[in-house]
Amino acid sequence: MKPATKDFWRRFLRNPGALIGLLILAAVVLMAIFAPLIHPQDPWRMVQRPFLPPFAVDGFWFGTDTLGRDIGAGLVYGAQVSLLVGIVSTVVALTIGVTLGALAGYYGGLVDDALMRFTEFFQTIPNFALAIVLVAILQPSTESVIVAIGIVSWPPVARLVRGEFLSLRSREFVQAARVVGQSNLQIIFGQVLPNTLSPIIVMASLMVATAILLESSLSFLGLGDPNTMSWGYMIGAARTVIRQAWWMSVFPGVAILLTVLALNLVGEGLNDALNPRLARKGR
């Protein structure tokens, strides 16, 4: 292992919050991966009487919902949907944001003005409202939710990458790359972009958390995929019986809370590990 990598992990693991977040996140990921082994039955299947309280019957630790479906199975399979939407939509947003931000920051001038005005146009529209409109137009499905969240999430990435490129494009290593005859695209993606990865990685971890919250909100409103069990759908289905069956909304709510909290703790740890000077100044 390279010394730089060892230093990164030492700084990261020195942060107790980041370590706790990493453990929680690892548990959620493992739960999603091994969902068919943990709960072999279909989460939509009726397996017990409706409104079964938690721990009332062996094997149903989280109780059942209004139709007698296992809440535990819904939690496990809901983790798959939340992580899938969070990760893939973040990749979509990064692809758009990094590309536009890199072009704007590197070329400057009219290119920068045009791309930043385009970015500002998207920033003037509330993210959640735009996501609702996009999902409604595309028809509710996992794919449409991913596309909608990716489209509303890229502007902050573009502005971050643009700022990094503006500060790096006049550095000596960029000038040297031009002298040896490298093309603009080679300089952008081979020289400058690798030096901006630290803030992008930190932002990506926080974007996954935001994407999970957006997906849960859309599913709560009935705009998620009707064929997949998700945490947001479970909370939405339980809102009319919250007094009668509190566990139907509490358990998926806690799952969302822990996952988003874990991602934010990991993001904070990554920021401290990748930017140790800024971390020391903050203290």
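**Ground rules.** I am working with a predicted model, where local features need pLDDT of at least 70, side-chain atom pairs count only at pLDDT 80 or more, and totals for chains, interfaces and linings use all residues. Residues are numbered from 1 along each chain as its sequence is written, and side-chain values use heavy atoms, with hydrogens and water left out.

**Entry 1: the overall picture.** I looked up the secondary structure and found 13 helices and zero strands. Here helices (H or I, at least four residues) and strands (E, at least two) are DSSP runs, numbered from the N terminus. I then checked the box that the C-alpha atoms fill, and along the principal axes it comes to roughly 75 × 45 × 30 Å.

Entry 2: Of the 283 residues, 45% count as buried, meaning under 20% relative accessible area with a 1.4 Å probe and protein chains only. The protein exposes about 14,500 Å², and carbon and sulfur atoms supply 67% of that area; the areas come from the Shrake-Rupley method with a 1.4 Å probe. I also looked at contacts (heavy atoms within 4.5 Å). Among those with a separation of 6 or more, 70% are between residues 24 or more positions apart.

Entry 3: Rolling a probe the size of a water molecule over the atoms shows where empty space is left. A cavity is a set of points on a 1 Å grid over the protein atoms alone where a 1.4 Å probe fits but cannot get out, and its lining residues have an atom within 4 Å of a point. Grid points are joined across faces, edges and corners, and a volume is the space filled by probe spheres set on the points. How many cavities of 30 Å³ or more are there? I count two.

**Entry 4: the largest cavity.** This one holds about 100 Å³ of space. Its lining includes Pro-43, Arg-69, Tyr-233 and Met-248. Helix H4 (71–107) and helix H11 (231–238) are the elements that give two or more residues to this lining, and H11 has the largest share, with three. I sorted the lining into seven nonpolar, two polar and three charged residues. In this sorting Ala, Val, Leu, Ile, Met, Phe, Trp, Tyr, Cys and Pro are nonpolar, Asp, Glu, Lys and Arg are charged, and the others, Gly among them, are polar.

**Entry 5: the second largest cavity.** Here I found about 40 Å³ of space. Val-81, Thr-142 and Glu-215 are among its lining residues. H4, helix H7 (142–168) and helix H10 (197–220) each supply at least two. By class, I noted three nonpolar, six polar and two charged residues.

How values were computed: On a 1 Å grid over the protein atoms alone, a cavity is a set of points where a 1.4 Å probe fits but cannot get out, and a pocket is an open set with protein on both sides within 12 Å along at least five of seven lines; lining residues have an atom within 4 Å of a point. Buried means under 20% relative accessible area, exposed over 50%, partly exposed in between (1.4 Å probe, protein chains only).
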